[in-house]
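User: I would like to learn how to read a structure like this one. Could you take me through some features, one at a time?

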Amino acid sequence: MKKTILLYNPKAVFFDMPLALLAIGSVLDSERYEVIIVDGRIDEHPLETLKKHLENAICLGVTALTGSPIKDALFISSEVKKINKNLPIIWGGWHTSLFPEQTLHDEINIDVTVQGQGEETFKELVDAFANNNSIQDIKGICYRNGSGQVVKNPPRTIQAMDTFSDVNYDLIDVEKYFEKKGRRQLDYISSTGCHFRCTFCADPFVYERKWTAISPEIMVNKLEELHQKYHFTDVNLQDETYFTFRNRVVEIAEKIIERNLKFTWAATMRADQGARLSEEDFETCAKSGLRRLLIGVESGSQEMMDWLKKDIKMEQVYLCAERCKRHGIAVIFPFIVGFPDETEQSVQSTVNMVKELNEMHPEFSTPIFYFKPYPGSTITDEVIKKGYVLPKSIHEWSDFDYIGSSGPWVSDEKYAFFEKFKFYLKLAYSNQKSIYKPLQMIAKWRCDQLFFGLPFEKKLFDWFFSKQQLS
């Protein structure tokens, strides 16, 4: 009889397919193990589903993202331990890559944490548990030894993605994700890591600026196979930096065109990467189905960009914007305000650039976030030295809202300004029903004048449309 491997994705407000769990579940020997993925966002009664499979289970794997998803992950881990206290519970994901030891010190129900790329690590853990072998020599983990002490093993070197098994999407009910998304959109990841050194990002800490990707032939073969099977209309590439190498991106686009694969796709791009592409490269990507890019700008100030070590010039952002405008490619340009010691001049430069980009094309959007010190980043290390205190336990991290709220470097006045600015930007430049056109004209005037007094439109929308809480 096959042994069961249980994998759990905690509750959250987005419905991306659980790619991390699919990746680690797909590398296991299907002749020996039955992998069951339970998703708290999809399953209305996830704990009951897990209970049905505990008797034959070898372990429970949980993916953990910093913030409120930790609450559900802790609850599930605790409830499973009440039923079977001897079942190993393994946590992986971003949070345990950043806090490998703290997680075990804080929560007795977690037995092992995994750091970084998890495919080979999880495979070795499962085989060890299945054969009652020691895990003391497995790289890339933290665990408790026989004396209850937390032990951190040496890290695992990032491994080429071509060496892994194909991701088996049959481990989830793909149609349910299509339904939740409201479109037949497949999530896919073609590369891992990032070569760059941005000081506000934890990626350099987790992957040490290394990067690996699936080769073009293998990737397009797989997409073609998945397209024939699931009939999706769009691919959402979840890579940190999909456009890392120009030749790879263009070759993939050319192969999609050659095989006449009829789907659109969206991906991430750095502005310097886009600037290195030619006009013909943009045209090839658009012809292959590129519909939307996410290009992180962060600040409208070159001085601030240099301080963040983005290694991007403002001219490169505008160049990418112009090319996307010509080829009908939508772009999300995220910005961040409220960095430590950020000047008013820097903030004003960001406001000006946000307005300019929104004016360029109706399919350009500029979400604005507030800087929060995310663990593992260089800036966070600096502010800690100056007295900033991070959450001290996994339970405190579960209350850490790193998207929706402002950080300590944003005054109440500045927060109120940007909340109004963001509202009026969205109202002014997003596609609105004809009934809202008069309000849209007023909103554009407000954004142009930066006048947000007596915000009756915002109060009206807040009254009729409740906000979705992010985590």
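Predicted model: local features only at pLDDT ≥ 70, side-chain atom pairs only at ≥ 80, totals over all residues.

User: How many cavities of 30 Å³ or more does a search of the whole structure find?

Analyst: The general idea first: rolling a probe the size of a water molecule over the atoms shows where empty space is left. A cavity here is a set of points, on a 1 Å grid over the protein atoms alone, where a 1.4 Å probe fits but cannot get out. Grid points are joined across faces, edges and corners, and the volume is the space filled by probe spheres set on the points. In this structure the search finds one cavity of 30 Å³ or more, and the largest cavity holds about 50 Å³ of space.

User: Which residues line the largest cavity?

Analyst: Lining residues have an atom within 4 Å of a point. Among them are Met 219, Leu 223, Tyr 242 and Trp 265. Helix 9 (216-230), strand 11 (234-237) and helix 10 (246-258) each supply at least two lining residues; helices (H or I, at least four residues) and strands (E, at least two) are DSSP runs, numbered from the N terminus. By class, the lining has nine nonpolar, no polar and no charged residues. Nonpolar covers Ala, Val, Leu, Ile, Met, Phe, Trp, Tyr, Cys and Pro; Asp, Glu, Lys and Arg are charged, and the others, Gly among them, are polar.

User: Is Thr 4 buried or exposed?

Analyst: Buried means under 20% relative accessible area, exposed over 50%, and partly exposed in between (1.4 Å probe, protein chains only). Thr 4 counts as buried because its relative accessible area is 3%. Its place is in strand 1 (residues 3-9). Leaving out residues up to four places away in sequence, Thr 4 touches Glu 34, Ile 36, His 53, Asn 56, Ala 57, Ile 58 and Cys 59, where contact means heavy atoms within 4.5 Å.

User: What lies 2.9 Å from a polar atom of the side chain of Gln 440?

Analyst: The backbone oxygen of Ala 428 does. Gln 440 is in helix 19 (residues 437-449) and is buried, with a relative accessible area of 8%. Its C-alpha atom is 5.8 Å from that of Leu 427, a residue 13 places away along the chain.

User: Which loop holds Leu 454?

Analyst: Leu 454 lies in the loop between helix 19 and helix 20 (456-464). Leu 454 has a positive phi of about 50 degrees although it is not a glycine. At a relative accessible area of 74%, Leu 454 is exposed.

Key:
Residues numbered from 1 in each chain as written. Heavy atoms only, no water. 1 Å grid on protein atoms, 1.4 Å probe; cavity = no way out; pocket = protein on both sides within 12 Å on 5 of 7 lines; lining within 4 Å. Polar contact = N/O pair within 3.5 Å; in protein donor to acceptor, adjacent residues only side chain to side chain.
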